[in-house]
Amino acid sequence: MKVTRKNKNSAFTAVVIIALAVSVAPAVSANIYSDKFDGYSSRQLLEFLVKEYERSPGTFEDAREYILLNRPELLNEYLLLTRRRRSGGRPARTGSSGLGSAALAGIGIAGAVAAMAGRGSGGGEDDPSTYTPTPTPTPTPTPDPVPDSGLDSSIYEFTASDFQTEEFNQNYGLSMIGADERYAQGGQGQGVKIAVLDTGIGVNLTDFAGKIDFANSYGYFGDTKDISDTDGHGTHVAGIAAALKNDTGVHGVAFLSELVILKGIPGKGYPDPVLGDVWPDAIQRSISAGANVMNNSWTYIKREGAGWVTKPISDFSSATHLKSWLGIDMIEALDAAKAADLMTVAATGNHGQSDVSVNSGIPVLLPEYDGYFIATVAVNQDKNIAGFSNHCGSAMDFCLAAPGVGIVSTGLDGGTRPDSGTSQAAPHVTGAYALLKSQSPELTAPEIAQILFDTAEDLGEPGTDDVYGCGLVNVSRAVLPVGQLRIYEGTDISSPSVPLSSTGIVASAAMAPAIRQAFKDRTIMVADKYTRGFDLQAAALVSEARSSPTFLVSAPEVSAGDGLSLTSGASGTGAKFSGLAGSYEINFGTTFYNQDAFTPFLPDSYSVSYTAAIAEHLGLTLDLSTGTGAQDFTKSSIGFEAIDQNGSGFSTRFGMVREKRSVLGSQFMGAAGSNGEATTLFFEATGFVALNENTVLSLTGTQSETNFRQSGLVVSGQDLVGRAGVISLSQKNFLGTPGTLRMSFSSPLQVSSGRIFLDLPQRRTASANGIKSTGVERTSESVRIRSGTRPLDLNLTYHITQSERRAGLLLNTGCRVYGGDPDPYFGISIAKKF
């Protein structure tokens, strides 16, 4: 709004130097957490910020901004933890990511025999032949879970504690590998098929109801359709991997997965199979069935002295030696498994040896199969290697530890029973693999294996070692993003991508409500170094620029004589000359003269205006202003103003704002938006009434319409209508003083209707037939913007000008009285002519 009164002085005769004001109310506040967390670990930082939020919820925006810019991998976890406290309950909807007895002896197979790895013998305090666990072991007390930031936790209905049921607690191994946290994120084995080569399964048990693929299951003992288990080993193993979650007994790691049962390991009452023929055939059948992972809780054994021990990979001196022993059928099966992307999980053996079993260590000598094998050793509840367990040895680079002592699982009688062995460790890893595959179907077997290795909990000597290998499998870690998170800009992982840490939107007060509406309940996919997709709340990218309440920026005006007046403040300096034919203004920065509805988020760098008198009480106004740097814009307008002899009148302006790289002052960074251009048309009308010689009432209304286009997540905006209004009352000679008091109520410019168009990456396409997918699925949509709560600001200024001293003083205070934090402020500005 501009109100120009005629001045009879017609000559520009004075030069004035202005002493800039001192203001105690900064227009933009720095983040309160800047430079505060040097040396903090991720966990320390997260715990501190959550406690800060509990103490003072007003720290939320600062914390979110700090995390987004400095520790983006913690963002979803922080949002989840604080969201729970903000909402006081669970999220509203669900979704998912788019992760002991003595050794069996006397089984002769051309000098090598097979033994179930849960039935091995060997010394040590955890020998399965001597370990007698409590039938229902008391689970280790579990602290309140801290869900990870791998997926957008806020879109799921459950939390980790919801899965810590009596059924879950029966097997401490589930908690040890972090399965409950993965379940809460939606990873439960759905869509994954597990093949189990063992003694069969309890086909009529409720723990496996509807889970068995009978059409592709196979028996190697006479009746090929008979996969029933009379021994119990296969049932126990299958239960650990995949038993149903049905509130009875105990459930498996991947309780929504499907099972293919290959009954090829002899149990009680069955003749010896020729395992050299069984294993390759079982692999081929697993491939035909569409299995993703094959569990092998058995080992080859050999005669040693009077007993039997695991046949280790170290018995073979070369690749040729191993291939000759395995046979051509096995090599062909391994090649087929690799081509079909079938993962093999195998027990290392139960004889306390320093190296793994031959069936779990094949890639040691045949590296072409590296990435398709995971060897598994057993640890106890204290995460120490079980006394009976073979060590990772030469297979340490593809070996994992898993719970294998006193593991409670499904019994043949329909109840539960404990058992120990690397047989029990292997299905924990198999189930973990299934959880990851269910949430990241786009990943191949070697990628999932590497993620499990990279995210395992380090045990024993630091780093990979020959006892524990890569460490304890941990699915809560395994589904965390690894490396720098990125946002794909195209439909393929080969398309350009932008780091999440450099992506965000700093929204102006005018655009923030509209952008938040557009992003509400929407997610975007971000990818880690393995190109895995993770959901992130789109709204997490948005922070609102800290702007002063309306008309905070003011400065005292100083008369310099002969029609010249000047103003200066912390935000700018300006001069105005008034003559009979019109008036001129020039401003550097934002001053009292050139404020309007756009000033809070598009502060002028330079502006000029001219008012020409076209009739006695009517003037034509022309205005041009520009911004530089982050706010690169030009604003131009033409208007009219009419003032009668009493000081009452009106003014109107029609104008246009053209912006580059911003939309109504909102900054889009990284993948959020780039190369943008915005055009805003606006109309402003002001009416003012002189109530008496010293009192003026004024009312200003502004309406704008913005259209923009750019590349990025936010593609464009169409017909974005914004409105603003100010009503003010000014009183000269307030209470007999030489100053002018002005009180105003204002509603700042805010977009209240229109459409915003989005282009959001949603998920990775699944791999097929062992071939890694490269596709990125995206969704394009138009979001209709609706009017929301409008803020209301109160502003008081007291302005004193002493003409004889050519000096001015301005006191400025105010706050937001509705629609946001009060954010009170106080400022003082002084100007003096020298």
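Both C392 and C399 are buried, where buried denotes under 20% relative accessible area, exposed over 50%, and partly exposed the range in between (1.4 Å probe, protein chains only). The model is predicted, with local features requiring pLDDT of at least 70 and side-chain atom pairs counted only at pLDDT 80 or more, whereas totals for chains, interfaces and linings use all residues. Residues are numbered from 1 along each chain as its sequence is written, and side-chain values use heavy atoms, with hydrogens and water left out.

C392 and C399 form a disulfide with their sulfur atoms 2.1 Å apart, a disulfide being a pair of cysteine sulfur atoms within 2.5 Å. The count by this rule is one disulfide. The torsion about the S-S bond of C392 and C399 is about -65°, so the disulfide is left-handed. The sulfur of C470 lies 7.5 Å from the closest cysteine sulfur, that of C399, which is too far for a bond. C470 counts as buried because its relative accessibility is 11%, while C815, with a relative accessible area of 21%, is partly exposed.

Helix α1 comprises residues 42-55; helices (H or I, at least four residues) and strands (E, at least two) are DSSP runs numbered from the N terminus. Its 14 residues, at 1.5 Å a residue, should span 20 Å, which agrees with the 20 Å between its end C-alpha atoms; the expected span is 1.5 Å times one less than the number of residues. In α1, L45, L46, L49, V50, E52 and Y53 are buried. These residues cover an arc of only 155° around the axis, which puts them on the same side of α1, the arc being that of the directions from the helix axis to the C-beta atoms. On the other side of α1, K51 and R55 are exposed.
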